[in-house]
Amino acid sequence: MAKRQVGRGPRGLSPASIVEAAIGVLEEGGRDSFSMRGVGRAAGCDAMSVAYHFGSKQGLARAMASWLDGQVRPAPPGVPWRTALRHVAEQYRTLARAYPQTFPLLQRFTHTGSADYATTEAVHAAMLSAGVPLPQVVSVTVGWYATVLGLATAEALGMVAPVDDVTAAEIEALPAEDYPLTAALLDDYRGIDPGAVFGTALDLMQDGIERLAGS
């Protein structure tokens with residue numbers, strides 16, 4: 001988790017230290033308790049100092065998302081496009097699991113600032129290497145990011161996980177004649193592997209990219 005910068009006066013504050021404090025606050029208390037005032041307390045300043053650096057809560061949220069983007073590194077040059085995309089996707093999954101409260105902020109912005117452009121450039125290059133026509137690179141890239149971030153968020157927040165006992169009991173209680181497939185698949189729902197779900201979805205998406213490139 002990002003370290004909370006406590007006890008530093010406003011004159012010694014940097015935007016980076018406030019962002020790290022904000023991530024700590026959000027991870028510890030969730031969205032309901034998140035506020036500019038709370039971030040200021042964690043950073044050792046007041047809410048006005050936070051607003052001075054970021055303008056608004058939205059500006060702070062973008063900076064926090066940018067911090068996450070800054071943790072992602074493109075694959076080394078020359079690797080196959082599938083490997084390059086999976087390399088980036090897996091890093092986002094790791095970040096989502098480490099920062100489950102902050103990670104959904106990435107879904108609010110097409111770009112978060114300078115931190116994500118190097119990674120986006122690498123994704124663009126992978127799309128062109130796959131054979132995606134240049135006029136479609138942006139659409140495919142944005143769709144790829146939305147899918148990867150959505151998958152990672154769903155896992156981090158609990159959707160992609162083995163069903164709990166309450167849900168299993170609900171499925172068992174369904175009329176078998178009306179829900180034969182759901183009933184038959186209950187053991188598979190109990191055994192959901194988040195990593196397998198993420199990997200399968202990536203494979204399906206990359207297969208689709210390959211088909212688009214070959215059409």
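Which ring does the charged end of R93 sit over? Here are my notes, with that one picked up in point 7.

1. Some ground rules to start. This is a predicted model, where local features need pLDDT of at least 70 and side-chain atom pairs count only at pLDDT 80 or more, while totals for chains, interfaces and linings use all residues. Residues are numbered from 1 along each chain as its sequence is written, and side-chain values use heavy atoms, with hydrogens and water left out.

2. Let's begin with charges. A salt bridge here is a side-chain nitrogen of Lys or Arg within 4 Å of a carboxyl oxygen of Asp or Glu, and the count comes to seven. One of them joins E155 and R97, at 3.7 Å from N to O. The two partners come from distant parts of the chain: E155 is in helix α7 (residues 137–157) and R97 in helix α5 (residues 81–98), 58 residues apart. Helices are DSSP runs of H or I with at least four residues, numbered from the N terminus.

3. How covered are those two? The scale is relative accessible area: under 20% is buried, over 50% is exposed, and in between is partly exposed (1.4 Å probe, protein chains only). E155 counts as buried because its relative accessibility is 11%, whereas R97 counts as exposed because it reaches 54%.

4. Now have a look at R190, which has a salt bridge with E172, their closest N and O atoms being 3.0 Å apart. This pair also links distant parts of the chain, with R190 in helix α10 (residues 186–190) and E172 in helix α8 (residues 165–173), 18 residues apart. R190 is partly exposed at 38%, and E172 is exposed at 53%.

5. R190 also meets D187 in a salt bridge, this time at 3.4 Å from N to O. These two are three residues apart in helix α10, so about one helical turn separates them. An α-helix has 3.6 residues a turn, so residues three or four places apart point the same way. D187 is exposed, with a relative accessible area of 57%.

6. On to the rings. Rings of Phe, Tyr and Trp (its six-membered ring) pair if their centres lie within 6.5 Å; planes under 30 degrees apart are stacked, over 60 edge-to-face and the rest tilted. There are four aromatic pairs. W67 and Y99 make an edge-to-face pair, because their planes are at 80°, with centres 5.4 Å apart. W67 is in helix α4 (residues 57–69) and Y99 in the loop between α5 and α6 (114–130), 32 residues apart. Both are buried. Y92 and F103 are edge-to-face too, at 6.3 Å centre to centre and 70° between the planes. Both of these are buried as well, and Y92, F103, W144 and Y145 form one aromatic cluster.

7. Back to the opening question: the charged end of R93 sits over the ring of F198, 5.7 Å from its centre. To count, NZ of Lys or CZ of Arg must be within 6 Å of the ring centre and within 35 degrees of the ring normal.

8. Finally, check out helix α2 (residues 36–43), which is mostly covered, with six of its eight residues buried. Those are M36, G38, V39, G40, A42 and A43. Their cover includes α1 (15–29), α3 (47–54) and α4, where contact means heavy atoms within 4.5 Å. Just after α2, G44 takes a positive phi of about 85°.
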